[in-house]
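The paragraphs below lead a new reader through a structure one site at a time. Please keep the sequence and the model in view while reading.

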Amino acid sequence: MHQVNLAENIFYLGFNDRKTHLFENLWPIPHGVSYNSYLIVDEKIALIDTVERNFVDQYLEQIEILTNGRKVDYLVINHMEPDHSGALKAVVAKYPDIILVGNKKTFDMVANYYKITKNTLEVYDESELPLGKHRLTFATTPMVHWPETMVSFEMTEKILFTGDAFGSFGTLDGGIFDDELNLDHYEEELMRYFTNIVGKYCPHTQRALKKIETLDVKMLAATHGPIWRSNLKYILDRYENWSSYTTDPGAVIVYGSMYGNTEKMAEVIARQLAIRGVKNIRVYDASKTHASYIISDIFKYKAFIVGSAAYNNELFPSVETLITKIEHMGIKNHLLGIFGSFGWNGGGVKNLQKFAENIKWELAYEPVEEKGTLKADKFQQCIDLANAIADRLMD
Ligand SMILES: Cc1cc2nc3c(=O)[nH]c(=O)nc-3n(C[C@H](O)[C@H](O)[C@H](O)COP(=O)(O)O)c2cc1C
Ligand SMILES: [Fe+2]
Ligand SMILES: [Fe+2]
């Protein structure tokens, strides 16, 4: 394989996964994903994170080549999720004297997941690990997105190894560094990765960003996706905006509808928003579009307008799944509109109102609920709902 240098004697050691359909058995990855590990070869040799289990053989082989058969001294564990610790056991088996570098929470996990308890080196914020010409220092970034997550900073070349922070879905198709590829291709997958994997932990991400600001970082090397060395502002600005719930004027309209009555209300609302000059409007059928795409768009746009048919006294199931996810993620600072159709005693809008209470977003207009097909009175209310949202988005 090509030898890929981040700097002299600092190597990229990652693999592309184009086979897996669902990341974490949950998130669709049509463009695949890469698992990035890194290797520093100096007087001491250090690996930074490992890779997913399926790549173990190739991984060990590459280490052997890049180290010229020398022993690896340290394995720095920035993150314990198995997509990065998948080769940990194999690495320890091959290099029995290797020292595992992590924080208190890391080693609890190493013991619990891999039953390994020896040769550990606990580090703290600003601890230093000299390797020769290169030196590593550390900063914990709790809950970005696991309790043990931390970042490691190589002080000579000023490279920050960030774990999943700044990571992206999408394989590295030849280009590995940001300046080697067209970032337009990664924009959506970068955001879908952040919003769905890390997005529950926006306040923690804000704290991590503040910590990172104090370092003079020249390169961001995450465990998924491109390495950022030319356009750090591109990724840092996005992380700042997303983790502070900064949105553009626009609306995401989502509905759950069996026979099209609720859907029709969504169409009316969308059209009226457009008439009022709102250009960013996304309409989704909750049963068809995977929640990860919808959640990503909710982080993009200020208004969320959600409709549900009544279904056995409850919400339509796909809408229920989506709003439960949104509630669990605790997304903030949005405008809300709700609507739906029912046949006899309702259940859709009623439960959307509970969602409104729980999520505490500002309800821009009263809920619009129609019995059966959309008629003149409720048509006008859909228009009024759209106008109320547009008033807020366009001012
Ligand atoms: C399986 C099923 C369960 C339903 N359960 C309820 C219900 O509990 N309460 C109610 O008011 N209407 C219920 N309805 C009626 C629908 O909510 C109503 O027909 C509505 O107009 C459907 O909207 P849609 O065309 O957007 O699917 C049910 C319909 C179906 C097919
Ligand atoms: Fe992770
Ligand atoms: Fe990961």
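Donors are here the N, O and S atoms within 2.8 Å of the metal (3.2 Å for Na, K and Ca), and since water is not among the atoms, sites may look incomplete. The model is a predicted one, in which local features need pLDDT of at least 70 and side-chain atom pairs count only at pLDDT 80 or more, while totals for chains, interfaces and linings use all residues. Residues are numbered from 1 along each chain as its sequence is written, chains are lettered from A and ligands numbered from 1 in the order in which they are written, and side-chain values use heavy atoms, with hydrogens and water left out.

With that in mind, turn to the metal sites. The iron ion (ligand 3) is held at 2.1 to 2.8 Å by Asp83 (OD), His84 (NE2), Asp164 (OD), Asp164 (OD) and His224 (NE2), and along the sequence these donor residues show the spacing D-H-x79-D-x59-H. Distant parts of the chain are linked in this way, for His84 belongs to helix H2 (residues 82-85) whereas Asp164 sits in the loop between strand E13 (159-163) and helix H5 (184-198), 80 residues apart. Helices (H or I, at least four residues) and strands (E, at least two) are DSSP runs, numbered from the N terminus. His84 has a relative accessible area of 1% and is therefore buried, as is Asp164, also with a value of 1%; buried means under 20% relative accessible area, exposed over 50% and partly exposed in between (1.4 Å probe, protein chains only).

Which residue coordinates both the iron ion (ligand 2) and the iron ion (ligand 3)? Asp164 does so, and the two ions are 3.4 Å apart. His145 counts as buried because its relative accessibility is 6%.

The next site is that of ligand 1. Of the 18 residues around ligand 1, those that come nearest are Ser257, Met258, Asn313, Ser341 and Gly346, where a residue is near a molecule or strand if one of its heavy atoms lies within 4 Å of it. Helix H8 (261-275) and strand E18 (335-342) each contribute at least two residues to this shell. A nitrogen atom of ligand 1 lies 2.7 Å from a backbone N or O atom of Asn312, and an oxygen atom of ligand 1 lies 2.6 Å from a backbone N or O atom of Gly346. Taken alone, ligand 1 exposes 640 Å², of which the protein buries 85%; such areas come from the Shrake-Rupley method with a 1.4 Å probe, and for residues only the protein chains shown count as cover.

Two further places remain. Helix H9 (residues 291-300) is mostly covered, with eight of its ten residues buried, among them Ile294, Ile295, Asp297 and Phe299. Lys210, in helix H6 (residues 202-213), is partly exposed, since its relative accessible area is 48%, and its C-alpha atom is separated by 9.9 Å from that of Glu240, 30 residues apart along the chain.

Definitions and conventions: Polar contact = N/O pair within 3.5 Å; in protein donor to acceptor, adjacent residues only side chain to side chain.
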